[in-house]
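Hello,

Here is the structure I promised to pass on. My notes follow below it.

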Amino acid sequence: MWEHQRHAVLPAVSDPSRYQPQAIEANWQRAWQEHGLHDTPELEPGEQGFYALSMFPYPSGNLHMGHVRNYVITDVVARVQRLRGRKVLHPMGWDAFGLPAENAAIERGVDPGVWTDQNIASMRRQLDQLGLSIDWQREVATCHSDYYRWTQWLFLQFFEAGLAYRKEATVNWDPIDQTVLANEQVDGDGRSWRSGALVEKRKLRQWFLKITDYAQALLDDLDGLEGWPERVRTMQANWIGRSTGAELQFAVVNDDGTDTGEQITVFTTRPDTIFGATYVVLAPEHALVPSLTSAPQRLAVEAFCDLVSRQSEQDRTAEDKPKRGVPIGAQVRNPANGALMPIWIADYVLADYGTGAVMGVPAHDQRDFLFARQYELPVQQVIIPEGSDEHAFEGGAWTEAGVLIHSGRFDGLTTTKAKAAITAAAEAEGWGRERVQFRLRDWLISRQRYWGCPIPVINCDSCGAVPVPTEQLPVELPRDVAFTGKGASPLAQLESWVQVACPCCGKPARRETDTMDTFMCSSWYFLRYSDPTNNQLPFGRDAVDSWLPVDQYVGGIEHAILHLLYSRFFTKVLRDRQLLSCGEPFTKLLTQGMVQGVTYKNPHTGKYIPPSEVADADDPRDPVSGEPLETFFEKMSKSKYNGVDPAQVIDRYGADTARMFILFKAPPEKDLEWDDADVEGQFRFLQRIWRLVDTALERGLTLADGAGSAAAVRAALAVTGADNLAPADADLRRAVHTAIAAISEDLDGDYQFNTAVSELMKLSNAMAPLLADANPVFAAEALRTLVVLLAPFAPHLAEELWLKLGGRSGGDTLNTSSIHRQRWPEADATALVRDTVPLVIQIKGKVRGSLEVPADADKATLEQLALQSEIASKWLEGKAPSRVIVVPGKLVNLVP
C-alpha cells in the first residue's frame, strides 16, 4: 500500500500544525521517481501528445535563478496539460560539448568528459530539488557517443544532400600559442584571453552548411509562427535580411583604358544611383586584390591588409568608427556612363558579405559620403527631391527617394521607376541583372577544438573528402589526450587517431580533425527526445511525428537568432530528407525575462560591492571609502555579486516557495526583480493554505470517498437546486468557480502565471470565513478545487495536502491517486451568477464606500439606492447633488 510506503520514508514532523517543506519535499520527489509518475505515456496510433520543453542547459555544475525560472515555467505548463488529460512529454538533457570543459581540462588537469559528467550529476540533483516533472528516462547528453553518433549521421545527411561543403574562411589566430581561438576567447581589445597576444586573422579550409539555400523558406515561414513573440520573428527576419536589387559588372581597365578581361561584381539595392558612382571598394580579403594591385601601391596595400587582419568584424563595421582605406592603383569602367573610377580597399567592406565589393556613391550613401570626404574622392549628385532644384547636401548624403538628374536617358524618372528601368537596361545590355540577396551567410561549423563532435570525414589525397561509412559511426573522441592550450587541436596531434585508411580506395588517409560547432548538437536534440533509445536511427518517423512539433518551448531571448534559426533549418532539411513531417520545430515559444538582483556599484571607481559588505541598505556606502553607492537591479551574475543561490532559498523556504515567487513576481516574459520580502510573502501564503486545510480537517471535512467531486456536487445541487443555495454556499461556490475560470484563462494562450497565483490567493482568502458555515459537500468541493489548482504551482504541498485530506481512494497506488493524476476542474457558469453586485459610491470622484445592489438594477434604481444610502447622507450632509453619474454595474458618482 502506498500509504505504508510513504510513511516509511517520511520523517516525523515536529509540529504537524506548521508548514515545514523540508519535511515533505524530498520524500515526495523520491516517491514520484520511484513510482515513475513523470514517465512519458505511450501514445496510441494517431494520438497527438503535448510536448513541453525547456532549452537544455550547459552543465556548468550549478543552477542559477535564470535556470530556475525557465524550468519552473515549463513545469507548470506540463503539469497543467497532464491535469487536463493530455499525455505529456517533458524531457531534459545537457548541451555538454564546448569550450568551458576544455578550459577546465587545461586549468584543473582533468579529463573534460569526467568534469562534464560530474557537473551533470550535480545539476540533475539540483533540478530534482525543484520538484520538476521531468522524464529522466529520456535524458540525453550531447557529449556522449550514443548521442553524437547521430549528430554525425545527420551531418552525413547534409553532406549527401550537397548542403555540407568546405572552403577557406577567416579564423582568429594566436601567434604566441600558435592556435585557433573561438570568438569568445578574444577580448574587447582583440587580444587572446590566455596569452594576451594581439589576435591575427588567418584563412583555413573549414566546413560549412548551406543554410542560405533555405533563406527564403526560413523567412517566409516566419509568418506562420503565430505562437512566437513578434520580437523574435522580427529579429530572425532582420538576421536573414532579404534585399532586392541588382548585380552589376564593372570592367577592370588598363592604364590606356582598354579592358583587362577582369570584372568586379557589385550588388546594390540602389541601381538608380549608378550614375553617381565615383569609385569601387573591395574587401581587403577579396580574391582580386593581389592581382589588381599596382607595383607602386603594393607595400601600402599589404600593410593595410595586415592592419585589417587584426580587427574584428564588429570593429570594421561599427558605425561610430572612421572608415579607413587605400587605393590599389587600378581602375574600373562605370558600365552606365563609361566613366573611369579608381579601385580602393577599405576596412568596412567584408569579403563574405555580398560579393565583397561595393560601388561608392558618396552623394547618396552616408558611409560612402564620409569615406569620400576623408579621402577627397569626387561626389556626384544624381538624385534630388521631387519639385526641388539641384543643390549640394553639405551635411551628408541624400538617401531618400527623389528624381534622377545627371543620369542620361533616365533623367526625370522617380527612384522607384529608375531602379526597374536601369536594372532592365543592365540586363538587356549584358552588364547586370536583377538579384535577391540575403544578409544570412552559410553556417561555419568547423571548430579547431577537442571537446566537440568529430566531423565524420576522411581526407584522402586521391578521393578527396570521403564520408565515414554510417556503419562505422560513431567516430569517437579519443580520451586521455594532453591539454596545454597551445598549438594545434589535440586531435591533430594524435597521429594514431588521425591516420586511417580511405574507405573508398584503401590508401593511407587522415581523419578530419575539426570538431563541430556546438549548435550542431543543439539543433536537433528535441527530436531525439521523441525516441531516445533508438539504436538504428536518430529517431523513428512514427515517434517523431507523434510528438513534434514541440507544443511549448521556453528559453531565453539570447537564443532568438542562432539556436532557433539553426533548429528551424535542421527541421526543414530533415523534412526534405523524408525523416519527419513537420516543417517547423516549435509551435509556441516563450522567451522568459531575466532574473535581476539588487546591485551596488561605486560610481567613481566602477567597482561592484557585494551586498554582504553593505552595512545599511537604506544608505549604501562603499565599505572602504565610505562613498555613496548606486543601487539598481541588474541581471544576476558573479561579477556583480548580485546573484542568489537557488539552493539557499530552497533550504530556507522550500522549493514550492521558490516556485511560487518566481511565478508570482512578474509576467513570464518580463524581467523579474528578486526581493527577499516577496519570497517571504509567498512562504506565508503557503502556510495559510496549510492552516486552512488543518482547520477544515479539525471540523471533520475530508475528500475521502469522492467528497467534493463533480458527481457529489451534482447530486447535492439536484436536491437543493442551484437557485436555492444558502448565502454561504452560494458565495463559496462563486469564489471557487470564479477562480477556476480566471486561472484556466491565465494558463491558456499567453501565460499569466502571476495573475493565476493572485487568483489562488483570492480563493484561499474567500474560503477561510465561509468553510465553517457551508454545506460539507460544497466545502469539500472548495478544498478539492483549491488543492488541484495549486498543484502545478506548488506540487509538493498540493500532494501532501491531498494525502492529508484523504483524496486517495483506498488501495490505489500513487500512479492513480496522486493529486497530479486528477482532472483540472471546469467552471460552472451557474455558480457565477450573482443576485447582487457591489456598487461603488463616489462623492465628487472619490470613493467613499460601496453597496450591495440587485444585479439587474437599472440606472434609475441605482441612483435612488445611492441617494438613499448612509454614505450619501454622511458626505452630502442632507444637500441634493448637483449632478449624478451612473455607470451600471460599477459605480455612482454624486457631485455636490
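Buried means under 20% relative accessible area, exposed over 50%, and partly exposed in between (1.4 Å probe, protein chains only). This is a predicted model, where local features need pLDDT of at least 70, side-chain atom pairs count only at pLDDT 80 or more, and totals for chains, interfaces and linings use all residues. Residues are numbered from 1 along each chain as its sequence is written, and side-chain values use heavy atoms, without hydrogens and water.

Salt bridges come first. The term covers a side-chain nitrogen of Lys or Arg within 4 Å of a carboxyl oxygen of Asp or Glu. The count is 33.

- Glutamate 230 pairs with arginine 233, with the closest N and O atoms 2.6 Å apart. Both lie in helix H8 (residues 230-240), three residues apart. (Helices, H or I, of at least four residues and strands, E, of at least two are DSSP runs, numbered from the N terminus.) Arginine 233 counts as buried because its relative accessibility is 17%.
- Arginine 324 bridges to aspartate 347, at 3.6 Å between the closest N and O atoms. This pair links distant parts of the chain, 23 residues apart. Arginine 324 is partly exposed at 31%, whereas aspartate 347 is buried at 2%.
- Aspartate 75 and arginine 79 form a bridge at 2.9 Å between the closest N and O atoms. Both are buried, and both sit in helix H3 (residues 65-83).

One more residue: is glutamine 592 buried or exposed? Glutamine 592 is buried, because its relative accessibility is 11%. Its place is in strand E25 (residues 586-592).

Best wishes
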